[in-house]
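Here is a short briefing for a first look at a protein model. Start with the picture, then read the points by topic.

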Amino acid sequence: MRLLLQERPTGREAPRFVQLQLEADLLGGWTLVRESGQIGGRSTLRREQYLDQGSALAAFEHARDLQLKKGFQLMFVQGAEAPRP
């Protein structure tokens with residue numbers, strides 16, 4: 001499952017982005033990958049490990065909802081239905 005969120009362009013500088021990705025690992029756990037930064041610039045990558053899919057999905061949805069509240073727009077969704085507002 002993957003989401004790409006982006007700030008609205010202001011015209012002064014390149015907008016910021018956040019990409020969230022949920023991946024199953026080889027040992028039966030789950031990894032939430034968060035990448036954030038400025039488009040065309042440097043980015044930061046963080047990985048969080050979860051033992052089960054339920055807790056990983058809850059963390060994924062929480063991170064998504066937090067970014068939507070900050071004003072980011074959903075630009076791309078892969079592997080999941082569109083999030084509820």
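In what order do the strands of the open sheet lie? The order is S4-S3-S2-S1-S5, and the pairing in this sheet of 5 strands is antiparallel. The model is a predicted one. Helix H1, residues 53–69, packs on the sheet.

**The sheet**

- Strand S4 (43–50) and strand S5 (73–78) form the edges, and each of them pairs on one side only.
- On average, neighbouring strands are turned by 15 degrees against each other, with direction ignored.
- S2 and strand S3 (residues 30–38) run antiparallel and are joined by 9 bridges.
- Within that pairing, Leu20 has Arg34 in S3 as its bridge partner.
- Helix H1 touches S1, S2, S3, S4 and S5. The direction of H1 makes about 170 degrees with that of S2.
- S1 pairs with S2 over 5 bridges, in the antiparallel sense. Here the bridge partner of Gln6 is Phe17 in S2.
- S1 also pairs with S5 in the antiparallel sense, over 5 bridges. Leu4 stands opposite Phe76 in S5.
- In a regular strand, side chains alternate between the two faces of the sheet.

**The nonpolar core**

- The largest nonpolar core has 13 residues. Leu20, Leu22, Leu32, Tyr50 and Phe60 touch the most other members.
- S1, S2, S3 and H1 are the elements that give two or more residues to this core.
- Which element gives the most to this core? The answer is H1, with 4 residues.
- Tyr50 is in contact with Gly29, Trp30, Leu32, Ser55, Ala56 and Ala59, leaving aside neighbours within four places in sequence.

**Thr31**

- Thr31 sits in strand S3.
- Is Thr31 buried or exposed? Thr31 is buried, because its relative accessible area of 7% falls under the 20% cut-off.
- The side chain of Thr31 makes a polar contact with the side chain of Gln49, at 2.6 Å.
- Beyond neighbours within four places in sequence, Thr31 is in contact with Gln21, Leu22, Glu23, Asp25, Arg47, Glu48 and Gln49.

**Salt bridges**

- Side chains of opposite charge can pair when their charged atoms come close.
- How many salt bridges are there? The count comes to 2.
- One joins the side chains of Arg34 and Glu48, at 2.9 Å from N to O. Arg34 lies in strand S3 and Glu48 in strand S4, so this pair ties together parts that are 14 residues apart in sequence.
- Glu48 is partly exposed, with a relative accessible area of 21%.
- Arg64 forms a salt bridge with Asp65, and their closest N and O atoms are 2.9 Å apart.
- Arg64 is buried, with a relative accessible area of 6%, whereas Asp65 is partly exposed at 27% relative accessibility.

**Glu7**

- Where is Glu7 placed? Glu7 is in the loop between strand S1 (2–6) and strand S2 (16–24).
- Glu7 counts as partly exposed, because its relative accessible area is 29%, which lies between the 20% and 50% cut-offs.
- Glu7 and Phe72 are 65 residues apart in sequence, but their C-alpha atoms are 4.5 Å apart in space.
- Leaving aside neighbours within four places in sequence, Glu7 is in contact with Pro15, Arg16 and Phe72.

Note on methods: Residues numbered from 1 in each chain as written. Predicted model: local features only at pLDDT ≥ 70, side-chain atom pairs only at ≥ 80, totals over all residues. Heavy atoms only, no water. Buried < 20%, exposed > 50% of the residue type's maximum accessible area, 1.4 Å probe, protein only. Contact = heavy atoms within 4.5 Å. Pairing = 2+ DSSP bridges. Axes fitted to C-alpha atoms, helices over the stretch in contact; angles between N-to-C directions. Core = buried A, V, L, I, M, F, W, Y, C linked by side-chain atoms within 4.5 Å. Polar contact = N/O pair within 3.5 Å; in protein donor to acceptor, adjacent residues only side chain to side chain. Salt bridge = Lys/Arg side-chain N within 4 Å of Asp/Glu carboxyl O.
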